[in-house]
Amino acid sequence: MPEGLIRSIVFHRNKELMAVASDSRFVQIWNIKTWTLVHSKMLIKRPNALAFSGSESELGDLIVADKFGDVYRIPLGSGNEKIKLLLGHCSLVTDMLLSHENGFLVTSDRDEKIRVSLFPDTFEIDGFCLGHTGFITKICPVPHRPAEIISGGGDGTLIIWNLGTHSEVERLSIADFAPELQPAPTTDSSKTPPPPPTIITIKSSPASSSIAVLFEKIALVTILRATLGTNNKFAVHQNIQLPRPALDIEFNQKGDLIVAYAPAETHFEDSLLIGVSEYHKEKEVKFSEVSSTAGVAGTLNQIGTTETGEKVDYGAYIQILRKFNEEEYRELKKKRKNEANEGDAAQGESSAKQQKPNPGGKGKGKGKRGGKNKRKDKDGGEGENSAPVEEETQES
């Protein structure tokens, strides 16, 4: 496996290949039946998200999004085809989803935007899903609804989108899910209310038609399900308490929820790496209490260890997405709003003012890349770093 923190793991639909990306800038592809390394590539920039474009019968390509907002295609065939830049954001790409049913490549970024591009013709933008007021951490398919996705992040809301119309289908406030998720009350009216908890991941399960939501530094997983009695709207079905906060969650094929715990604060908990909440369906869907011995948890907790050479800050990535502390962020939002109002009032006063260049060459986007790194997506991804690879090895 590559060195450094693992940032993304994705499985091919043929159930034979697994791609792994880490902070070491390596992307590796493994055959999980023989556990042999198939491909290994070192990228110029750290990868953040991965997706396979292939089907059950076709190998396809590996799609990679990096921390500077570039998304490109790595061919997996035996030919000499080079890496191709597909699209670029003016901000860090936080997640990526390839909707095979609709032919869309969906990407989210730190600047509150979800971009829907046609695939494989990604130079053509189908539209944007706009509605979040904070950075987006995760986008996820809605089970048994191929035209919809769900997104969440730092603004305390979950939004379900229709990919065809780019419109909002449903919005849920996480403060209504559980008491642990409600902001702490403040008695000082002059102080800014505390921000809502950050959603760090969202996962869906076709087996149980459920959506699981995990929050930053909160020992809780919320299960959402849609019911006919609420016009197929999603609502809280169950809250699963955890022994300590988690880093990630995932559903297996049976529908069981697997939880990867954050590092323990006490020596007593050091042996617990994984927990499993088993899915049961008798009269109604129900998930059991998290067990440290059920299924894969029993094996991994016995052979694994949480010991590291130095303490790792697993929350650093979320801090990067925040960019500023909460007060600075709100001040920036207020400043942008005032600037927009002033700009509207000044329209029509002077043609010279209307044509005044933007200082620093930055576009309308909030990212820091500015005009220097803008992409011409309509020409197929022309721009800098069109072949973002330093080293390449192949093993079979």
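Guide: Let's start with His 144, which is exposed, with a relative accessible area of 58%; buried means under 20% relative accessible area, exposed over 50%, and partly exposed in between, using a 1.4 Å probe and protein chains only. This is a predicted model, so local features need pLDDT of at least 70 and side-chain atom pairs count only at pLDDT 80 or more, while totals for chains, interfaces and linings use all residues. Residues are numbered from 1 along each chain as its sequence is written, and side-chain values use heavy atoms, leaving out hydrogens and water.

His 144 sits in the loop between β13 (136–142) and β14 (145–153). Strands here are DSSP runs of E with at least two residues, helices are runs of H or I with at least four, and both are numbered from the N terminus. Look at the backbone: His 144 has a positive phi of about 65°, even though it is not a glycine.

By salt bridge I mean a side-chain nitrogen of Lys or Arg within 4 Å of a carboxyl oxygen of Asp or Glu. Arg 145 and Glu 148 are both buried, whereas His 144 is exposed.

Lys 217 lies in the loop between β18 (210–215) and β19 (220–227), and it counts as exposed at 65% relative accessibility. For another loop feature, go to Pro 120, between β11 (113–118) and β12 (125–130). A cis peptide bond joins Phe 119 to Pro 120, with omega at about 10°.

Now back to charges. The count comes to eleven salt bridges. One of them pairs Asp 23 with Arg 46, at 3.6 Å between the closest N and O atoms. Asp 23 is in the loop between β2 (17–22) and β3 (26–31) and Arg 46 in the loop between β4 (36–43) and β5 (47–52), so this pair ties together parts that are 23 residues apart in sequence. Asp 23 is partly exposed at 26%, but Arg 46 is buried at 13%. Lys 113 and Asp 109 also form a salt bridge, with 3.3 Å between the closest N and O atoms; Lys 113 is partly exposed at 24% and Asp 109 is buried at 0%. Lys 203, Asp 248 and Glu 250 go one further and link up in a network of salt bridges.

Zooming out, the protein has four helices and 26 strands, and 44% of its 396 residues count as buried.

The protein averages 79, and 74% of the residues score at least 70. Confidence is highest in strand β15 (residues 157–162), at a mean of 96, and lowest in strand β26 (residues 389–394), at 44. Over residues 361–396, pLDDT stays under 50. Where pLDDT is low, the predicted coordinates should not be read in detail.

Key
pLDDT = per-residue confidence, 0-100. Contact = heavy atoms within 4.5 Å.
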